[in-house]
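Dear colleague,

Please find below the sequence and the structure that I am handing over to you. My notes on what was found follow directly after it.

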Amino acid sequence: MTATPESTSSATSQNGMSAPGDSGVASSVLLSLRGISKNFGAVEALKNVDLDVPAGQVTALIGDNGAGKTTLIKAIAGIYAPSSGDIIWEGRKVSVHTPRDAEDLGIATVYQDLALCDNLDIVQNMYLGHEETRHATLDEIKMELNTKRVLSELSVSTVQSVRQVVGSLSGGQRQAIAVARAVMRESKLVIMDEPTAALGVSQTAQVLDLIRRLASRGIAVLVISHNLVDVFEVADRVAVMYLGNLVSCGPIGDYDTESAVQLITTGGTRTDVASSVN
Ligand SMILES: Nc1ncnc2c1ncn2[C@@H]1O[C@H](COP(=O)(O)OP(=O)(O)O)[C@@H](O)[C@H]1O
Ligand SMILES: [Mg+2]
């Protein structure tokens with residue numbers, strides 16, 4: 001990997017740009033990864049990754065296929081145990097061994113396949129495994145009202161009835177339900193893996209809107225995306241992975257499409273590109 005001012009795996013920024021671990025986001029850091037590595041046999045999927053994820057901001061995680069993006073979010077979500085490194089949550093070192101550990105901390109992960117049950121309605125999906133009960137029976141009224149409240153708070157207006165089965169919804173609506181479920185559980189960090197990959201133009205716009213509304217509620221959003229148009233529209237910060245390394249991280253204003261593409265494809269930026277994006 002070529003070392004450039006922007007391309008660093010150390011905690012210090014050499015040119016004033018935010019680098020992993022620097023203090024540019026310290027006031028509101030929710031999650032910090034320090035020295036996270038993950039090996040699958042001989043494959044080093046993550047190499048000493050440092051990353052700060054601030055509350056109330058959208059951090060876009062970008063990188064080519066095989067760069068380590070999914071492995072990184074799975075380490076945060078309790079699916080893969082890192083081979084080494086620390087996960088620091090709200091300033092405390094934590095162990096995230098299972099998805100339940102992550103959920104208990106307030107980390108929700110919305111995967112590409114969404115894990116919704118097509119044969120159940122929206123309310124049932126929102127409460128799956130966390131049903132509200134009253135006098136030993138399901139409190140349908142409370143669950144229905146809460147579902148309506150969260151959907152309206154998130155301005156999800158395209159759903160006709162919360163008693164619609166999820167199998168009848170569009171891709172964008174399904175994404176909205178998965179996100180609303182995370183909000184209802186009062187998640188502090190919502191992680192999304194390619195949320196717009198399967199969506200058309202107007203549904204993509206709706207999901208990007210929803211992502212912004214999550215951030216405006218103070219939620220930290222970490223979103224993997226291949227689509228740089230989406231990234232520049234929705235992200236406050238960008239983190240670029242290349243062959244298991246986190247090669248660059250900083251405010252979106254420090255990047256343009258050219259420098260982002262170059263980081264994704266080579267892991268570094270030419271000096272002239274690095275200086276032109278300052
Ligand atoms: N369960 C696994 N077993 C072995 N190798 C894996 C596994 N998951 C990912 N890898 C490898 O780790 C690297 C990073 O993969 P991944 O995190 O899926 O990248 P991305 O999401 O950026 O495309 C790749 O070389 C991939 O082949
Ligand atoms: Mg992936």
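A residue is called buried here if 20 or more other C-beta atoms lie within 10 Å of its own, exposed if 12 or fewer do, and partly exposed in between, with C-beta atoms placed from the backbone. The model is predicted, so local features need pLDDT of at least 70 and side-chain atom pairs count only at pLDDT 80 or more, whereas totals for chains, interfaces and linings use all residues. Residues are numbered from 1 along each chain as its sequence is written, and chains are lettered from A and ligands numbered from 1 in the order in which they are written.

Overall composition

The protein chain has nine helices and 12 strands; helices (H or I, at least four residues) and strands (E, at least two) are DSSP runs, numbered from the N terminus. Of its 278 residues, 46% count as buried. Two residues are in contact if their C-beta atoms, placed from the backbone, lie within 7 Å. Among contacts with a separation of 6 or more, 67% join residues 24 or more positions apart.

Helix α6

Helix α6 covers residues 201-216. Its 16 residues reach 23 Å from the first C-alpha to the last, close to the 22 Å expected at 1.5 Å a residue, where the expected span is 1.5 Å times one less than the number of residues. Buried in α6 are Thr204, Gln206, Val207, Leu208, Leu210, Ile211, Leu214 and Ala215. These buried residues pack against β3 (58-63), α5, β9 (189-193), β10 (220-224) and α7 (228-234). Alanine 205 also belongs to α6, but it counts as partly exposed because 15 other C-beta atoms lie within 10 Å. Glycine 218, which follows α6, has a positive phi near 95°.

In β9, five of five residues are buried. Leu189, Ile191 and Asp193 point one way from the strand, and Val190 and Met192 point the other way. In a regular strand the side chains alternate between the two faces of the sheet. Strands count as paired if DSSP finds at least two bridges between them. Strand β6 (residues 107-110) runs parallel to β9 and is joined to it by four bridges; valine 110 has methionine 192 as its bridge partner. β9 also pairs with β10 in the parallel sense, over five bridges, and here valine 190 is partnered by valine 221.

The nonpolar core

A nonpolar core is a set of buried Ala, Val, Leu, Ile, Met, Phe, Trp, Tyr and Cys residues joined through C-beta atoms within 7 Å. The largest one has 78 residues, and Ile76, Val190 and Val221 have the most contacts inside it. Helix α5 (residues 171-184) supplies the largest share of this core, eight residues. Leaving aside residues up to four places away in sequence, valine 221 touches Val58, Thr59, Val190, Met192, Ile211, Leu214 and Ala215.

The shell around ligand 1

A residue is placed near a molecule if its C-beta atom, placed from the backbone, lies within 6 Å of it. Around ligand 1 these residues are Phe40, Val43, Ala45, Gly63, Asn65, Gly66, Ala67, Gly68, Lys69, Thr70 and Thr71. At least two residues of the shell come from each of β2 (43-54) and α1 (69-76), and α1 gives the largest share, three residues.

With kind regards
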